[in-house]
Amino acid sequence: MNLLLATLAAPLATAAIGAIPGPRRPKEAVFLGGLASTFVLALATAGRYLAGETPAAFGGALRVDGLSALVLVLTAFVGLLSGLYSVGYLERNERSGFVSARQRTELLALVPAYLAAMLLVAASNNLGVLWIAVEATTIASVFLVAFQNRDTSLEAAWKFLVLGSVGLAFALLGTVLLFASGQGVLGEEMSALDWTRILAHANALHPFTVKLAVVFLLVGYGTKAGLAPMHTWKPDAYREAPSPAGVLMAVGMMNCSLYALLRVHIVSRAVLGPEFSGRLLLGLGLASVLVATPFILIQWNLKRLLAYSSIEHVGIMAIGFGLGGEAATLGALLHMTYHTFAKPVAFFSAGTLAQLHRSSDFDAIGGGTLSRTPVASGLLLLATLMVTGSPPFGLFWSEMTILRAGFLGPYLAVVAVFLAALVVLFCGFFYQVGRVTLGPDTRSSDHPVLPERLDLALGTTVVAAVLAVVSAFYLPGPLVALVRAAVRVVEGV
Amino acid sequence: MIQDFVILCAAGMLVTVYLMVGQRALVVAIRLYGVQSLLLGAVGIAIGVADHRPHLLVTAALTVVLKAALIPWFLLRVIDRVGIRREIEPFVNVPASLLLCLGLTVVGYRVSLGMAGASQGVPHQVVGVALSMVLMGLFLMVTRRKALTQILALLTIENAVFLVAVGATSGMPLIVELGISFDVILAVLVLGVLVNRIVDRFESMDTSRLSNLRG
Amino acid sequence: MTTNPLPVALFAVAQAVGFLMLAPLLRGLIKKMKAAFQLRQGPRLLQPYSDLAKLLRKEPVRSTTASWVFVAGPRVYFASAVTATTLLPTVFAAAPLEAAGGILLLVGLLALGRFALATAALDTGSPFGGMGASREMTVGALAEPALMLALFTAGLSAGSLNLGELVRHTAERGTSIHPGEILAAAALFIVLLAEAGRVPIDNPATHLELTMIHEAMVLEYSGADLALVEWASGVKELLFMTLLAGLFFPIGVATSLAPQALAISALALLAKVAALALLVVLVESTNAKLRFFRVPELMAVALGLGFLALAMRFF
Amino acid sequence: MSATWFPLALVLHATGVALALVLHRRPAACRWAAFLASAAGSAATFALGASVLATGRAVRGVLFENPAAGMTVGYSVDPLSAWFLVTFAVLAAPVAVYSVGYLAHGIPPGRTAFVAVAWNVLLMSVETVFAADGVLGFLVAWELMSLATAALVATDHESRPSRRSAFLYLAMSHLGTGCLVAGFFLLAAGSGSLAFADILGGAVTASPWRGLLFVLFLVGFGVKAGVVPLHVWLPEAHPAAPSNVSALMSGGLINAGLYGLVRVGAGGLGRPDPGWGMGVLLLGSVSAVLGVLYALSENDLKRLLAFSTIENGGIALMAFGAGMIGLSAGRPELGALGFAAGLYHVLNHAAFKGLLFLGAGGVVAATGTRRIEELGGLIHRMPRTAGLFLLGSAAIAGLPLLNGFASEWLVFQSLLRGFFFAERLTRIVLPLGGALLALTSALAAACFVKAFALTFLARPRSRAAAEATESSALLLAPQAFLAAACVALGLFPGPVLRVLAGVAGSLPGIGPQAGFTGGLAGVTIGVPAFDHLSPLVLVPAVALGLGLAAALGLRSARVPRRAPAWGCGGELSAETEYTATAFAKPLVMVFRGIYRPTREVSTVETAPYFASEVRYRSEIGAPFERHVYGPATRAVLAAAGRLRVIQAGSLHAYLAYVLVLGVILLWWLGGLP
């Protein structure tokens, strides 16, 4: 059986089994087993790629090149982490009697389904398939956003879906226009939308139509990535989604939508040269970083804080890709990699705090969590260091790489603004996290906090933290090779 | 001759959007959407017949069945269940809305001048109409408060996209088109489910009340 | 100038002893002249010597809260003043210890004395000590920049900050009537008044708690401790006058070791110091003591003079 | 051999970290292990620095590689780095020993491991800052240094001031780091290399960004050096940390900023523009004067010391400024003099400020308070601490025979010597700087009379002060070491300057001309001699004077009579003593234009004209906080608050953003040719 198809089928099967009502333990075992095998299969697929093959399926509609392989591996990795944490999360809620059987089924089915859709995004070689896959992720995740079934969950889900659908409609229009730009060149069969084919005929495409298409595609997939000003659904969705789903959205979905943006960028560069989409990405990226700044300063909710951080990071990556050139692209792809390692720590530790305090609002949590839940708070502080790009952690290196490339290039003003925003963001993020974790334990005894235990969820957080720390000093050779391969794909060399 | 017909239908679609902007009864809006979809189907059939592209006929038939019949029926059912028939006062009043939409049409047409084969007419006209429809659909979503209107506007945008697919490219690859149609239906269903849940929970379909999440 | 240690040491000891011997005389002279201005007879000229001798014999009484710092204060003050005298050229155009340093070291040594005495004054637990120390340090802090500017003017025009070098230079050149240097001399004179605790900055004769500065600081001292303080203060005053005379009015300074030249130089120095003493008396007798918070204004005048001196001298 | 010293030092610190983590449940063992490892690490850096200073040859090596990003971090210890490493080690080693004793009581036992880890990380990073051979290593170390320091400042995170100061510190450092990143990358953009040897070798003389670069570096490094007006964090953060950390921060960490300024100022960016030196001199003067003025008015012992750190950083900057003026005038020997003076002062400051903070730490540990008003009389209970603190006070006040005098003397020389070679405006600015330095020095004397005398002399003003006990030998020995350093550095400026001539000579803009000569006998400035200093000559003279005074006093003072001080008929008590506030009052009034003190007197009258209680309250204004940082912070937060409407919860607005973006992009596209 085709390895790539197996990679995609594994989570789909897991989802199907998860949807069937059944006893808890075996279902969880299948769930974790499915996600683990997905990760292993993704690794194997990437390994195939590194060995010189090009895994493909459906007549080239699915095809794995360097960029796909990188995103596949990272996404599957996050999927596994999220799965582990999901089980821990359910267990914890079980303890406090918060979760219904329906919700368990929902989570166990939706997480792998969401993952499957994301893997499909990463494996797609076809703009049509890409669009369908992204739409599928949207539909899978909207239920995760509405998972808690509170008033605010519905509100967030509605906003998420409407904005997402508008974005997808834009992306679809872009896809159609791109197809239209190659009338008579690309042909009419399915493979006409393969970017391998589009790239091969880049010179024959109608430039203006491509421009139009690129604008719609960037805005469309930018909505899914959460680039400003289409970012507005993010804080709501992140706050409402349960933490295991949050991390899938913040890391997996972000990587996948960036993947989509990159595919567009690659096509645009082949047809129009690097400036057109590069500048658009630069603009959207800078807007994202700038928009995130004030909201981090005035934030009132821990998970929304993470959402704005995620807007910031997608902005950073967009800036990196927009700056262009090998160094900046390497920086941005490294940023994606390190972000994939670092963000789960933040989400899981914040999720633990939120679960133990039964809310993620700062007011409800109160200050001084370090004395109540030392492990989770300590990990949150550690994650803050990572996420704010402090050395010696990975994101520092990638940000430095991007900045360095930026100062070498012509966009000095943009880079300077970007740097200034990073400084403010750092301060804001630290201020907010410090507000929660540090200080005297002022919580009154009327609202007792659940005791912190080294359960599966916390264990997953610790493991994620260890991996993130290690990743700063040592990235496995094959992963580095994937990053470099992805750089080659994006840079077209 | 065929070209003129296509352009006529496209213009008709644009008119339906104007009419949607111009009135507030939900049922009429749904019907207008149905008409719009029917016109889209007509475009598909005309081009399919003229250019001998059988798969266009398939998608056109699909469009008619789905969008001119099934979706309006589903939405009318939602209205019946909820019992809300009129849109309340939009954020921008009707005359101003129409004026702004005129502007949006100008924006759309201005861009479409750069399209390939602008001299031949069809792609240019079709893309102009489609872009105008996209912008106006979005405008509808911005100014109208009812969840149902927003779904309709979204569907209008979707129709505009299909108009480009049919009119400017003589049809996307069939399998892609089928996939997309399936996804659109799924999205509409999910939206419908959400609307139901929102109405259950908030006893209103007014999405402007959904503003508790700020900052 | 010789670098052989023995003559240098002898020269230094001789100069220090000379300052120690003459300092009470200067005090006596000023008191006598002041009395004359007020048409009083005043104490006899040599009275300060008797006072010192008596105090040195008397048993000191020390505050019960005082520590060794209280004892060390006057001794360090004394030693710093005595050491400072060896950095100064007097009769001969060289200072005994000019190898040690120049203007900056001299100012540093005086600061050391002030630091020691002010610290010690705070050791008694009496509010007077604190008041005096606080005021002394305030005046000192304000006087120091003016002093430095005045000295810089002299030093920079001579091309050296070493006092021996400086006096040799001015002696060769002769008294300057450059307005810059006159202004510098005026600034230095104001600083002298402040450092010596003279009217209008301080009143050495008062013991009214609201007005005293230096006296408040040493109020708790008695016996030999007080003698050391008084003596060192006298030395300091003499030192300032010698400095002023040497830097700005170098008439008669001996540049050779010929006995005749040395004698003339000595006489000239005595005359210059006497003249400065008379000037001090004039100022003391014709001015009222300033309110403490007006003193900074006077110091600002000195600073301004110093700055103007520098500006006029070099532009 | 010397090639392994630096990695060895880092390994020793890393061992300290590891040991602290392993032993975190046993605080005593943890203290000994982690801090002795740290002291050993400092010894290794000292050995490295000393050997580089002795041979004058740089030592290089590689520390770390990030293959993914393709980045390498190496180190290169040239004489300038070596000087700072030695300075840091001279302070850090004794402070580490002190920490072993101090942390037993200074912090909750549960946080011992935390402090030990952060401490060792801090030392590692500071040493790497001084030794880094390229931009990336430097930035990593620089950031780590900030983070470790912030963590240490927040050790007592339950107290609001600690949290606040840690955050303020972090925010200000980050502002600085941002400037440095921009500066370094702009600088590197010219040459394409990130190695200091390439970009800070003075090659960018022609860059159009030169002026901007210098300003960026000045701000970036100035934050760490505590330059006014970037100093606001310093008086908050230094006192908030445990005293051993305060000592290290004040004596060692500000040097990181000064180090950077020397790197860029002494020809690193090519021959300095005339304005740069003037600017640095001006900033230095302002920092020195304002620093000491605020120190003087401060009644919190540790805050007082922190403000004095600003002053001393300012003094070093004045010297650097004079050196840069010399360089821009084409006189490398003046550059050498100025930078040597500043570097000497940096070393001296490390010694006496370390000593003073350690002493203050002992006092705080013994009495539990930092407020001078609640201290007093400690000399009877803590005689050794008092003696050492007095020595430190005398040294920092710039009194002869001690090291403060020696370096301030040299700073005066650098200012006045430049006079002869300077252009019109600088010609007057330089001696004026000298006058300000004199003022600073005199005010510092007043300040430390207050700090010492009101803390240690007269009667105790609180129960805690009355019951204090002397610090242990573990606390006193490091202080004695630093005190000895103060004396030695004061008595032997000549050998120190001979070393500094080598250091200055290694700077890109200077070369071998030193402009001064130093030998065992003393220092001589300029040829022919402009001035010279030989403290050793003075020693017998002062000894003789003291002997004479002692002899004169001996006749009567063998058994002095003790009596209560005269109290005008009343009884003197701790309440009637002169307070720290009162001591500083005259100078506060004189400089009220700067201090802007507020004054509030309220009386409670039981009967007309008979007040039963008078309350007096006076506060010194904090102009930079009030007029610059406060409004700036508020403006940013207000702007952020106003931007809240972006995310006001309305889906319609969110959709409108997309619509507007779409319209703008389409309109723009339509306009494209």
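## Terms for the sheet

Two strands are taken as paired when DSSP finds at least two bridges between them, and a strand is itself a DSSP run of type E with at least two residues, numbered from the N terminus. The model is a predicted one.

## The sheet in chain D

In chain D, three strands form an open sheet in the order β3-β4-β5, and their pairing is antiparallel. Because β3 (516–518) and β5 (531–533) of chain D each have a single partner strand, they stand at the edges of the sheet, and one side of each is left without a neighbour there. On average, and with direction ignored, neighbouring strands of this sheet are turned by 10° against each other.

The antiparallel pair of β3(D) and β4(D), the latter covering residues 523–525, is joined by three bridges. Within this pair, D:Gly518 is found opposite D:Val523 of β4(D).

## Two helices in chain A

Helix α10 (residues 243–272) and helix α12 (residues 302–323), both of chain A, have axes that come within 11 Å and cross at roughly 20°. Since angles under 35 degrees count as roughly parallel, α10(A) is roughly parallel to α12(A). The crossing in which α10(A) passes α12(A) is right-handed.

On the side of α10(A), the residues that meet α12(A) are A:Gly246, A:Ala250, A:Met254, A:Leu258, A:Leu262 and A:His265, while α12(A) contributes A:Lys303, A:Leu306, A:Ser310, A:Val314, A:Met317 and A:Phe321. Sorted by class, the residues of this contact between α10(A) and α12(A) are eight nonpolar, three polar and one charged.

Terms used:
Residues are numbered from 1 along each chain as its sequence is written. Chains are lettered from A and ligands numbered from 1 in the order in which they are written. This is a predicted model: local features need pLDDT of at least 70, side-chain atom pairs count only at pLDDT 80 or more; totals for chains, interfaces and linings use all residues. Helices (H or I, at least four residues) and strands (E, at least two) are DSSP runs, numbered from the N terminus. Axes are lines fitted to C-alpha atoms, for helices over the stretch in contact, and angles run from 0 to 180 degrees between N-to-C directions. Angles under 35 degrees count as roughly parallel, over 145 as roughly antiparallel, 65 to 115 as roughly perpendicular and the rest as oblique. A crossing is left-handed if the near helix is turned anticlockwise from the far one by less than a right angle, and right-handed if clockwise. Two residues are in contact if their C-beta atoms, placed from the backbone, lie within 7 Å. Ala, Val, Leu, Ile, Met, Phe, Trp, Tyr, Cys and Pro count as nonpolar, Asp, Glu, Lys and Arg as charged, and the others, Gly among them, as polar.
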